[in-house]
Amino acid sequence: MARRRCVARSVLVREHERLRLDRDTVEQDFATLVLTVVELLRQLVERQAVRRVDEGDLTDEQVERIGLTLMALDDRMGELLEHFQIRREDLNIDLGPLGPLLPRD
C-alpha cells in the first residue's frame, strides 16, 4: 500500500511538471514554451562562451561584450517572465523518461 502511494505521488509530481495546453491558458502556455526554448538557447550560448573563454579564443573586448550581452538577455528574460507571470523553474519542461529539458543547477 505504501508503494502505491509513493508511485501515485511520483506520477502527480511528474504530471504537474509537464506542459499542459488548455484553451483558456493557451497564451500563457505558448509563452512558457517559447521562453523555454529561449532559455535553452541562452544556456547553450553561455556554455559555448565559457568554453571559448577557457580556451583563450576571445579577446578581452569580446569577453566583455559577450558578458554584457548575456547579462542583458538574462535581464530581459526576467522581464518577460514577470510579464507573463512565469517562474523560471516553470521553464524546465519534464520530458518523461528523458528527464527535465534544462539541467538543474
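Start by selecting arginine 51 and glutamate 55: both belong to helix α2, four residues apart, about one turn of the helix. (Helices, H or I of at least four residues, and strands, E of at least two, are DSSP runs numbered from the N terminus.) Show their side chains and you will find a salt bridge, 2.8 Å from N to O; the term stands for a side-chain nitrogen of Lys or Arg within 4 Å of a carboxyl oxygen of Asp or Glu. Arginine 51 counts as partly exposed because its relative accessibility is 37%, and glutamate 55 counts as partly exposed at 47%. Here buried means under 20% relative accessible area, exposed over 50%, and partly exposed in between, with a 1.4 Å probe and protein chains only.

A word on what you have open: this is a predicted model, in which local features need pLDDT of at least 70 and side-chain atom pairs count only at pLDDT 80 or more, while totals for chains, interfaces and linings use all residues. Residues are numbered from 1 along each chain as its sequence is written, and side-chain values use heavy atoms, leaving out hydrogens and water.

**The whole chain**

Zoom out and colour by secondary structure. Of the 105 residues, 20% count as buried.

Next, select aspartate 90 and arginine 87, whose closest N and O atoms lie 2.7 Å apart in another salt bridge. Aspartate 90 is partly exposed at 30% relative accessibility, and arginine 87 is partly exposed at 45%. Now highlight Glu39, Arg42, Glu46, Asp74 and Arg88 together: salt bridges that share partners join them into one network. Across the whole structure, a search finds nine salt bridges.

**Into the core**

Which residues make up the largest nonpolar core? Select Ala31, Leu35, Met77, Leu81, Ile86, Leu91 and Leu102, the seven residues of that core. At least two of its residues come from α2, and at least two from α3. (A nonpolar core is a set of buried Ala, Val, Leu, Ile, Met, Phe, Trp, Tyr and Cys residues joined through side-chain atoms within 4.5 Å.) In soluble globular proteins, nonpolar side chains tend to be buried together.

Centre on leucine 91, in the segment after α3 (60-83). Leucine 91 is buried, with a relative accessible area of 0%. Contact means heavy atoms within 4.5 Å; beyond its neighbours within four places in sequence, leucine 91 has contacts that include Thr32, Glu39, Met77 and Leu102.

Move to isoleucine 86, which touches Gln28, Ala31, Thr32, Leu35, Leu81 and Leu91, leaving out residues up to four places away in sequence.

Finish with valine 34, in helix α2, which counts as partly exposed at 35% relative accessibility.
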